[in-house]
Amino acid sequence: MLASDPELKCVVCYARISFDGRVKDAHGVEDQHRDMTEAARRFGWLVVFRYTDNDKSASKENIVRDDFEQLLADLAAGTTPDGYPIHGVMAVNDDRLYRRPSDWERYLKAFTTQEGRVYHDSNGIQDLYAEGFEIKGLLGVAMSLSETRKKERRSRNSHRSRAIRGQSVAAWRPFGWEDDKVSLRPDEAEAIRQAVKDVIAGASISEITRRWKEAGFITSRGNAFQYQTVKQVLVNARLCGYREIKGELVRDGDDQPIVGEWESIITPKEWFAVTAKVRERGRGTGMPRGGLVHKYLLTGILRCGQVLEDGTVCNNKMIGIKANDWLKYRHAYMCKKTVDGGCNKTYKRGDKTDKAIEELVIAKLERDAASKAQDVPDWDKADALERAVRSRNELERRWHDDEDTDIDDETFFRNLPVLERRIKELRADQRAHEALKAEAEEAKEDVRNSWGSKTLTQKREAIKKVLSAVIAVPGGKGNRTFDPELLKPVWRTSE
């Protein structure tokens, strides 16, 4: 075609959109390419390559636009990846190509490496070689950046204003609520309510994740629940009616948390408690620690009580094993001989051993419940928090007051971090106190009735809180009768 028409312009098209919407079908960039193709046909140009950066911002420095970088390299080389010459570039608008001064300068340098190229956007054909066009382009970039920042600022202000008014700002339907984001979806809300209660009582998020998957729950975006998504649901302040922005509760003029217009699933006390529980795991990160997940209740808690030939006790940790199919019980515990110890001499029937130890632990927990369930006194630092907030507000008021010459910028910024740190510490202490109150409420529940609904992890945690170990003494050769007296609990002493 070039041989038959030396005047033919081979152009490339660049399309970009910052957000591809919820369906992610690339319709925005496809529309841009269609418009550019129509414009090229009117000018008699031939589109030889299409560059596309879908769902990518041009104003954020940490975003790499792969096709934009490829366009710059190809402009410098003079040909497309397929070897076609590049006589021009088309875009629906210049802000599709660049929004930052550095990108504009890089694009202009690559474009002008060869003479005679054409550039077309919504303003028509532009002469990028003209004197002063570089400055004109920089002014356009500056205006574009200014508008972008205005939009971001308006969005942040709107987001916070809606939060202060208690309005829902969720883009997607939150798990637990209906599409109106206000009324509850009963089955999901009940699952959250039960999960919060279980996590406060010691259940792992992995167990909650598995339970939700088995129940067929999916996220509001249609995906299966994973550990992180379950964690995000459980620590969301929305559950108790509060709103958070960047980890801080949104508060009113009296420093009280704003209550949203949506129905709450749990109480603030429960939310403080579950948040404290989740964040204390994984060394404060809320991430799983990667420890062993045991299949049997007393694995590692039972220890072998066999007396060895040298007079010492074996004391090896016993493991749970699957029992033989012909036996009436499904699992057992045994002392398995390994390079680290063990004697292969002690074997205990699993179901009866579990039941005997559970009865001992339940009785112990019932005895302790009375002392643990006593009412936790009111938080005694409320006045200190109120004073700190009042001091910060007064400092800000005086700084904004032009007639108050005692508070200059240096004084304000020297004192503000001290007050902010004090407020943050007091609020953290308040959350810890609320978690303690929630645990006290849990202790008031019927220990025996609630034991059956506990998960395996919760039961193991409860057992390890009151028992250091259980010594399993062998029953003697040929003795097949289960004797609970041969299980010797080693109780933890109170610290």
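K381 pairs up with D429 in a salt bridge, and their closest N and O atoms sit 3.7 Å apart. This is a predicted model, so read each distance here as a computed value. The two partners come from distant parts of the chain, 48 residues apart. K381 belongs to the loop between α10 (350-372) and α11 (382-400), while D429 belongs to helix α12.

How accessible is each end of the pair? K381 has a relative accessible area of 34%, which makes it partly exposed. D429, at 29% relative accessibility, also counts as partly exposed.

## Other charged pairs

Salt bridges that share partners tie R173, E178, D179, R185 and E188 into one network. Inside that group, R185 bridges to E188, with 4.0 Å between the closest N and O atoms. The two ends fall into separate accessibility classes: R185 is partly exposed at 23% relative accessibility, whereas E188 is buried at 6%.

For a local example, look at helix α1 (residues 27-43), which holds both E38 and R41. They are three residues apart, or about one turn of the helix, and their side chains meet in a salt bridge at 2.9 Å, N to O. E38 is partly exposed, with 40% relative accessibility. R41 reaches 53%, and is exposed because the cut-off for that class is over 50%. Searching the whole structure turns up 20 salt bridges.

## The overall build

How many helices and strands does the protein chain have? There are 14 helices and 13 strands. The chain runs to 495 residues, and 41% of them are buried.

Now take the contacts in the chain with a separation of 6 or more: 61% of these are between residues 24 or more positions apart.

In soluble globular proteins, nonpolar side chains tend to be buried together. Here, the largest nonpolar core has 36 residues. Which of them touch the most other members? The answer is I192, V196, W212 and I265. Helices α6 (186-200), α7, α8, α9 (268-280) and α12 (409-443) each put in at least two residues, and α6 gives the largest share of this core, with seven.

Not counting residues up to four places away in sequence, I265 touches G176, W177, L184, A189, I192, R193 and L239. There is also a second, separate core of 25 residues, with C314, A356, I463 and V470 among them.

## Two helix pairs

Helices α7 (residues 205-214) and α8 (residues 227-234) have axes that come within 9 Å and cross at roughly 100°. So α7 is roughly perpendicular to α8. On the α7 side, the contact uses I205, S206, I208, T209 and W212; on the α8 side, it uses Y227, V230, K231, V233 and L234. Sorted by class, the residues of this contact are seven nonpolar, two polar and one charged. W212 turns up here in α7 and is also one of the residues touching the most other members of the largest nonpolar core.

The other pair is α2 (residues 66-77) and α4 (residues 101-111), whose axes come within 8 Å and cross at roughly 30°. Is α2 roughly parallel or roughly perpendicular to α4? It is roughly parallel, because angles under 35 degrees count that way. From α2, the contact takes in F68, E69, L71, L72, L75 and A76, and these meet D103, R106, Y107, A110 and F111 of α4. By class, that contact has eight nonpolar, no polar and three charged residues.

## A loop glycine and its contacts

Where does G342 lie? It is in the loop between β10 (331-334) and β11 (347-349). Leaving out neighbours within four places in sequence, G342 is in contact with C314, N316, C335, K336 and K337. One of these, C314, is included in the second core of 25 residues.

Key: Residues numbered from 1 in each chain as written. Predicted model: local features only at pLDDT ≥ 70, side-chain atom pairs only at ≥ 80, totals over all residues. Heavy atoms only, no water. Helix = DSSP H or I, 4+ residues; strand = E, 2+ residues; numbered from the N terminus. Contact = heavy atoms within 4.5 Å. Axes fitted to C-alpha atoms, helices over the stretch in contact; angles between N-to-C directions. Parallel < 35°, antiparallel > 145°, perpendicular 65-115°, else oblique. Nonpolar A, V, L, I, M, F, W, Y, C, P; charged D, E, K, R; others polar. Core = buried A, V, L, I, M, F, W, Y, C linked by side-chain atoms within 4.5 Å. Buried < 20%, exposed > 50% of the residue type's maximum accessible area, 1.4 Å probe, protein only.
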